[in-house]
Amino acid sequence: MTALNLSNKAKVFEETFISPFHKPTKGDALKVLDSIRSCHPESSGWVEINGFVEQLPDGSWRAVRHHAKYR
């Protein structure tokens, strides 16, 4: 659960962001996910609904983040 108080906030945007950058390791994909998080901080109204990395059929990894922006 987020610390952001959403009671007086309106959702203005929501998306599932799938990184176009495929990485060779899970750890590398987690770094991409951390970068996405730092570019969309809670202090700016962003709420992470779900964030994870997934392995693709070719063995590479990518970051996925479902988030929403409130103001």
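Which residue in β3 does Phe-13 stand opposite? Select Phe-13 and look across to β3: the residue there is Lys-69.

Before going on, a word on the model. It is predicted, so to speak of local features a pLDDT of at least 70 is needed, side-chain atom pairs count only at pLDDT 80 or more, and totals for chains, interfaces and linings use all residues. Numbering starts from 1 along each chain as its sequence is written, and side-chain values use heavy atoms, with hydrogens and water left out.

Next, select residues 61-70, which make up strand β3. Strands here are DSSP runs (E, at least two residues), numbered from the N terminus. Seven of the ten residues in β3 are buried, so the strand is largely enclosed by the rest of the structure; buried means under 20% relative accessible area, with a 1.4 Å probe and protein chains only.

Strands pair if DSSP finds at least two bridges between them. Residues 11-18 form β1, which runs antiparallel to β3 and is joined to it by seven bridges. Residues 46-55 form β2, also antiparallel to β3, with nine bridges. Within that pairing, click on Glu-48 to find its bridge partner, His-67.

Follow the chain from β2 to β3: the two form a hairpin with five residues between them. Stop in the turn at Gly-59, where phi is positive, about 95 degrees.

Finish at Val-64, in strand β3. Val-64 is buried, at 4% relative accessible area. Show its contacts (heavy atoms within 4.5 Å): leaving aside neighbours within four places in sequence, they include Phe-17, Leu-33 and Phe-52.

Methods
Buried < 20%, exposed > 50% of the residue type's maximum accessible area, 1.4 Å probe, protein only. Helix = DSSP H or I, 4+ residues; strand = E, 2+ residues; numbered from the N terminus.
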